[in-house]
Amino acid sequence: MFTCYVSGKYSSKKTGKDAEVEVEQNILNAESYAIELGMLGFGVFCPHLNFDGFDGILSYKDLMIACFKFVELTDTMFMVPGWEDSSGASREWRYAKALERPIFYNIDEAREWLKTGWRAR
């Protein structure tokens, strides 16, 4: 089984209730892609779900260090649409690129990679 790290926007630049709503939507969005990837047959790591509720417990730096470790442990990465607006997802993307991980930008790319692309690794 191949593994996939789901990378995308988590936090919000908004404040108060608007920020809470946006974060919740970002988590749900990432979760929906994680489920789709799991249904394709990937073992999925979705930091949005793993670290939800860690705000104020771990620093941003420590969360990113943990995320980078999971990027190292997974075979591939999936970029949730809108990831470009996230400094954390952008850092994860650059790290996955440096590790030469296959990176998917939509579910069809992941599906196709499972069919044939993995042989090129």
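Mentor: Before we look at this predicted model, keep one definition in mind: a residue counts as exposed when its relative accessible area is over 50%, as buried when that area is under 20%, and as partly exposed in between.

Trainee: Is Glu100 buried or exposed?
Mentor: Glu100 is found in the loop between H4 and S4, and its phi is positive, about 60°, although this residue is not a glycine. Most residues other than glycine have a negative phi. The relative accessibility of Glu100 is 69%, and since the cut-off is over 50%, Glu100 counts as exposed.

Trainee: In what order do the four strands of the open sheet stand?
Mentor: Strands of a sheet pair through backbone hydrogen bonds, either parallel or antiparallel. In this open sheet the pairing is parallel, and the order of the strands is S2-S1-S3-S4.

Trainee: Which strands stand at the edges of that sheet?
Mentor: An edge strand here has a single partner strand, so one side of it is left without a neighbour in the sheet. The two strands for which this holds are S2 (43–45) and S4 (103–104).

Trainee: How many bridges join strand S1 to strand S3?
Mentor: Strand S1 covers residues 3–7 and strand S3 residues 76–79, and the two run parallel. The number of bridges joining S1 to S3 is four.

Trainee: What is the bridge partner of Met77 in S4?
Mentor: S3 and S4 also pair in the parallel sense, over two bridges. Looking from Met77 across to S4, we find that the bridge partner is Ile103.

Trainee: Which residues of S3 are buried on each side?
Mentor: In a regular strand the side chains alternate between the two faces of the sheet. Both faces of S3 are covered, and H4 lies across S1, S3 and S4, running at about 150° to S3. The buried residues of S3 are Thr76 and Phe78 on one side, and Met77 and Met79 on the other.

Trainee: At what angle do H3 and H4 pack?
Mentor: Two packed helices are described by the angle between their axes and the distance between the axes. For H3 and H4 the axes are 10 Å apart, the crossing is right-handed, and the packing angle is about 35°.

Trainee: How do the residues of the contact of H3 with H4 divide?
Mentor: On the H3 side the contact includes Met64, Phe68 and Glu72, and on the H4 side it includes Ser87, Arg91 and Tyr95. Taken over both helices, the residues of the contact divide into seven nonpolar, two polar and three charged.

Trainee: How far apart in sequence are the parts tied together by the pair of Phe68 and Tyr95?
Mentor: A search of the whole structure finds 11 aromatic pairs, and the pair of Phe68 and Tyr95 is tilted, with 5.1 Å centre to centre and 55° between the planes. Phe68 is buried, with a relative accessible area of 18%, whereas Tyr95 is partly exposed at 24%. Because Phe68 lies in helix H3 (residues 60–73) and Tyr95 in helix H4 (residues 87–98), the pair ties together parts whose separation in sequence is 27 residues.

Notes:
Residues numbered from 1 in each chain as written. Predicted model: local features only at pLDDT ≥ 70, side-chain atom pairs only at ≥ 80, totals over all residues. Heavy atoms only, no water. Phe/Tyr/Trp six-rings, centres within 6.5 Å; stacked < 30°, edge-to-face > 60°. Buried < 20%, exposed > 50% of the residue type's maximum accessible area, 1.4 Å probe, protein only. Pairing = 2+ DSSP bridges. Contact = heavy atoms within 4.5 Å. Axes fitted to C-alpha atoms, helices over the stretch in contact; angles between N-to-C directions. Left-handed = near helix turned anticlockwise from the far one by under 90°. Nonpolar A, V, L, I, M, F, W, Y, C, P; charged D, E, K, R; others polar.
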